[in-house]
Amino acid sequence: MSGVAERIVRGGYAVVFRSVFANMEPERAHHIAFAVIKALPHVPIVGRLVERYSRPSALDGVTTMGIHFPSRFGLAAGFDKDARGIGGLGLLGFGHVEVGTITAKPQPGNERPRLFRLIPDRALINRMGFNNHGAAAAARRLERARRNPGRPVIGVNIGKSRVVDVADAVDDYLESTQRLAPFADYLAVNVSSPNTPGLRGLQELDQLRPLLSAVRDAAGKVPVLVKIAPDLTDEQIDAIAELAVSLGLSGIIANNTTISRSGLTTPPDEVSAMGAGGLSGAPLAARSLDVLRRVRAAVPSDFCVIAVGGVTSEQDVQDRIDAGATLVQGYTAFLYEGPTWATRINRLRRRRLRRAAR
């Protein structure tokens, strides 16, 4: 998309966000926007036009984990929980789309309200609770999505079913792995969401080692990564990085949402009223960069590290690449920046990469 057209669409979305979405219950607004994205591949003329202007630069492609990614920038898990919008999200310019978190058992998630905007901070708090229709249903949609020749790279993020005890987590993750790995380009093991009781305890090495070993073996040739929390200590980060390398995993995703509420502009009483949940968006940027640098220093240079957290601009993407990220993901800014977000980042990256190639 040309810079002028992108700015017009962006400006229009800003008006719609302020006047409509900002006054609407966040989860409802998400469903409305997602319905439009899902429809894009079914309107061929519009879909082709969007794809033409949103396509990332070939200069930004990278091969890692044995997979060629058409660009460094992709969409983090959480936006497309049930693998329903992969085609449309690819048309909008995301080089890869990580779906999920998907659990073996279907589950409704936590009670509403469970998603909250912190507009002054360009942030979200969510306690969705892995709401999804389960691995069996997702597998059917993923199988169809893989047949699309123009699809983005598909990552599948898996987590523990709420009804399953932590003691039985390995078998639960294995059920998801067996159903979903055949249709995934890579698998992400989520042990770091704050919204499922007991889940973050799986980051303890005595529980994490058997879990990751079992998923790795069940996944076969499909690359397996582990997604960690930003609230870990440096020592815990180092230990998990060492474990991931020793087990022969393909990478680490750094990182998930945080339980911290420090440094926010939104009034404390408003934040407190929102309650528990994971914070994402711009306030997470500094900590996410710290975690990224810590992970990169602890793993080999060819080990895939996916950076997530506080990514809004093309400069944010470049900062994470400079800090050692192999790939970069975003999510929260998508809600604030609108449908041309990935297009704008791709356009600016194309400009940067062309200048560097001169």
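## Salt bridges, burial and a charged patch

Colleague: What makes Glu 25 and Arg 112 a salt bridge?

Modeller: Their closest N and O atoms are 4.0 Å apart, and a salt bridge is defined as a side-chain nitrogen of Lys or Arg within 4 Å of a carboxyl oxygen of Asp or Glu. Glu 25 lies in the loop between helix H1 (3–19) and helix H2 (26–39) and Arg 112 in the loop between strand S4 (96–102) and strand S5 (115–118), so the pair ties together parts 87 residues apart in sequence. Helices (H or I, at least four residues) and strands (E, at least two) are DSSP runs, numbered from the N terminus. Glu 25, Glu 27, Arg 112 and Arg 114 are also linked in a network of salt bridges.

Colleague: Good to know! What should I keep in mind about the model?

Modeller: This is a predicted model, where local features need pLDDT of at least 70, side-chain atom pairs count only at pLDDT 80 or more, and totals for chains, interfaces and linings use all residues. Residues are numbered from 1 along each chain as its sequence is written, and side-chain values use heavy atoms, leaving out hydrogens and water.

Colleague: Why is Glu 25 called partly exposed?

Modeller: Its relative accessible area is 29%. Buried means under 20%, exposed over 50%, and partly exposed in between (1.4 Å probe, protein chains only), so Glu 25 counts as partly exposed.

Colleague: Is the pair of Arg 141 and Asp 82 buried or exposed?

Modeller: Both Arg 141 and Asp 82 are buried. Their side chains meet in a salt bridge at 3.5 Å, N to O. Arg 141 sits in helix H5 (residues 135–146) and Asp 82 in the loop between strand S3 (73–75) and helix H4 (86–91), 59 residues apart.

Colleague: How many salt bridges does the structure hold?

Modeller: The structure holds 18 salt bridges.

Colleague: What makes strand S10 covered on both faces?

Modeller: In strand S10 (residues 251–254), Gly 251 and Ile 253 on one side and Ile 252 and Ala 254 on the other are all buried.
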